[in-house]
Amino acid sequence: EDPQQPLQPKHRVTTKGNNAPVPIETFDDLRERWQPPAHLLVNLAKNQFSQPTAIQSHCTSIIMEGRDLAAISPTGTGKTLAYLVPIITSLQNPASGNEDAGKGARAVIVAPTRELAQQIYNECLKLTEGRKWRIVLFSKATANTLSDKLARDKVDIIIATPLRLVACLQSGNLELTNVRHLVLDEADRLLDTEFHDQLEEIIAACSHSKVQKAVFSATLPAGAEQMALGMMRDPIRIVVGLKDT
Ligand code: ADP
Ligand code: MG
């Protein structure tokens with residue numbers, strides 16, 4: 001390290017909450033502390049995700065420690081991988097073929113628009129390539145019958161818009177009682193009045209006592225934040241801000 005050019009952190013990070021875990025500094029830390037599936041590390045390298053971003057450093061540890069989380073970080077700072085990497089790590093192996101795995105979905109990611117759900121799905125496919133994970137995209141565009149049928153079986157990760165997810169729940173084709181990870185991405189848009197009823201229904205359907213809840217957003221207005229924290233247990237709140245110059 002050149003003492004004349006000290007490493008300047010590009011971001012100012014503020015955490016609030018009890019016993020926030022030590023962040024990872026590298027994806028090697030992730031490997032040493034939590035033994036992610038080998039193909040995940042291969043896929044990170046293959047896609048040039050060589051170093052975790054600030055939000056990824058913090059959220060990886062927080063999610064791996066099983067904590068509920070509200071994460072606020074500007075657009076473009078890598079929030080998608082900040083939850084996908086630790087979720088895939090904690091799922092470890094695809095559920096199909098695992099007799100002990102419960103029915104239905106293990107992780108659910110909710111996004112306010114079809115386009116966003118599609119982007120998350122694409123990132124997820126990059127990270128899970130090489131193993132037979134069952135990742136299902138539920139958005140308006142997807143044909144009902146095939147994916148509905150899929151979701152009754154063992155699904156590792158569902159990525160969905162709220163309306164589609166609720167329609168699927170109401171048709172009796174979706175089993176969310178074994179979900180261990182529930183993520184609301186772009187939570188400011190999900191927790192506003194437009195989707196309020198759908199979100200209540202989705203949250204209630206994820207009824208497992210060990211479901212971990214996380215919300216991600218670039219901004220979280222007070223009302224939305226209150227609603228988010230209200231559904232959590234002993235949450236950690238993390239804010240990444242661009243350091244003022
Ligand atoms: P946000 O949700 O915060 O707006 P995204 O998750 O969409 O950000 O990520 C923005 C871009 O940064 C994407 O193209 C993504 O592939 C890339 N990216 C994410 N994490 C990393 C990383 N650790 N290293 C390099 N690029 C990354
Ligand atoms: Mg995003």
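Helices (H or I, at least four residues) and strands (E, at least two residues) are DSSP runs, numbered from the N terminus. Val108 lies in strand 3.

This is a predicted model, in which local features need pLDDT of at least 70, side-chain atom pairs count only at pLDDT 80 or more, and totals for chains, interfaces and linings use all residues. Residues are numbered from 1 along each chain as its sequence is written, chains are lettered from A and ligands numbered from 1 in the order in which they are written, and side-chain values use heavy atoms, without hydrogens and water.

Two strands pair if DSSP finds at least two bridges between them. An open sheet of mixed pairing is formed by eight strands, in the order 1-8-2-7-6-3-5-4. Strands 1 (11-16) and 4 (135-138) stand at the edges with a single partner strand each, so one side of each has no neighbour in the sheet. Strand 1 runs antiparallel to strand 8 (residues 236-242), and six bridges join them. His11 stands opposite Leu242 in strand 8.

Axes are lines fitted to C-alpha atoms, for helices over the stretch in contact, and angles run from 0 to 180 degrees between N-to-C directions.

| Helix | Residues | Angle to a strand |
|---|---|---|
| Helix 3 | 54-64 | about 175 degrees to strand 8 |
| Helix 5 | 114-128 | about 170 degrees to strand 4 |

Definitions and conventions
Contact means heavy atoms within 4.5 Å.
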